[in-house]
Amino acid sequence: MSTVAVLDAVKEFLEEKVANTIKLQKANDNNVYSYELVNPAVHLGWVPPKGFLPQGMESGIPCLIVGIDDASKDIEKRDFNIRISAATFSPGLHKQDRYTPDFHGYQDLLNLIDRTLECLEKYALIGQRVSIKEDSIRWGMYEDQPYPYWYGWITFTVSRPVLPPVEIVQKYL
């Protein structure tokens, strides 16, 4: 399993276990009084710019972004230090036809992070052969928040066994 395959496995895990279970505000660039609740997207590497979003997706936020900080290998396993960046949009409180700007959007961000943490702690295995090192999970918020967007992060380590050369060669025979 390559590094990209590990990232893909984490992405699929987040789509299945987290993104489908929560709805958050999607930004409406034309009217702050109007908003839509959507499931967060899950991206690899970064938030794609508008011209490169998947078909049907108008906004890349709210989202979870799967990336890698670094990795290491020993004789038995490979460890990948994964970073999930979380981004939400929340300009204020919407009540019926009234909108009040506030700085409580971090609560949506923390709810998304908490939901993700819950799933990471509940499932010890991602994909077929990638295990989460539970004691490695850390999270937080970035110091600067570009209101009305809110950003945070989760880091953790996943491991996968190193395949013996015989097993790799047999796959291609």
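**Exercise 1. Identify which residue of S10 is the bridge partner of Ile 132, and describe how S9 and S10 pair.**

Solution. 
Step 1. In this predicted model, the residue of S10 that forms a bridge with Ile 132 is Val 158.
Step 2. Strands S9 and S10 run antiparallel to each other, and seven bridges join them.
Step 3. The loop between S9 (130-141) and S10 (149-161) contains Pro 148. The peptide bond leading from Tyr 147 to Pro 148 is cis, with omega near 10°.

**Exercise 2. Give the order of the strands in the open sheet of six strands, and determine which strands stand at its edges.**

Solution. 
Step 1. The order is S3-S4-S5-S10-S9-S8, and the pairing is mixed.
Step 2. The edges are taken by S3 (41-44) and S8 (125-126); each has a single partner strand, so one side of each lacks a neighbour in the sheet.
Step 3. Helix H1 (residues 3-17) packs on this sheet, where it touches S3, S4 (63-73), S5, S8, S9 and S10. The direction of H1 makes about 145° with that of S4.

**Exercise 3. Explain why S10 is described as largely enclosed by the rest of the structure.**

Solution. 
Step 1. A residue counts as buried if its relative accessible area is under 20%.
Step 2. Ten of the 13 residues of S10 are buried, and therefore the strand is largely enclosed by the rest of the structure.
Step 3. For the protein as a whole, 40% of the 173 residues count as buried.

**Exercise 4. State which residues touch the most other members of the largest nonpolar core, and which elements give two or more residues to this core.**

Solution. 
Step 1. The largest nonpolar core has 31 residues; those touching the most other members are Leu 14, Ile 82, Ile 126, Ile 154, Phe 156 and Val 158.
Step 2. Two or more residues of this core come from each of H1, S4, S5, H2, S9 and S10.
Step 3. Beyond residues up to four places away in sequence, Ile 82 touches several residues, including Val 6, Leu 7, Val 10, Val 66, Ile 154, Phe 156 and Val 158.
Step 4. A second, separate core has seven residues, among them Ala 27, Ile 61, Ala 87 and Phe 89.
Step 5. In soluble globular proteins, nonpolar side chains tend to be buried together.

**Exercise 5. Decide whether Ser 90 is buried or exposed, and list its contacts beyond four places in sequence.**

Solution. 
Step 1. Ser 90 lies in the loop between S5 and S6 (92-95).
Step 2. Its relative accessibility is 5%, so Ser 90 counts as buried.
Step 3. Apart from neighbours within four places in sequence, Ser 90 is in contact with Gln 25, Gly 105, Asp 108, Tyr 147, Pro 148 and Trp 150.

**Exercise 6. State which element has the lowest mean pLDDT and which has the highest.**

Solution. 
Step 1. The protein has three helices and ten strands.
Step 2. Among these elements, the lowest mean pLDDT (58) belongs to helix H3 (residues 165-171), and the highest (95) to helix H2 (residues 106-122).
Step 3. The average pLDDT of the protein is 85, and 86% of the residues score at least 70.
Step 4. Where pLDDT is low, the predicted coordinates should not be read in detail.

Definitions and conventions: Residues numbered from 1 in each chain as written. Predicted model: local features only at pLDDT ≥ 70, side-chain atom pairs only at ≥ 80, totals over all residues. Heavy atoms only, no water. Helix = DSSP H or I, 4+ residues; strand = E, 2+ residues; numbered from the N terminus. Buried < 20%, exposed > 50% of the residue type's maximum accessible area, 1.4 Å probe, protein only. Pairing = 2+ DSSP bridges. Contact = heavy atoms within 4.5 Å. Axes fitted to C-alpha atoms, helices over the stretch in contact; angles between N-to-C directions. pLDDT = per-residue confidence, 0-100. Core = buried A, V, L, I, M, F, W, Y, C linked by side-chain atoms within 4.5 Å.
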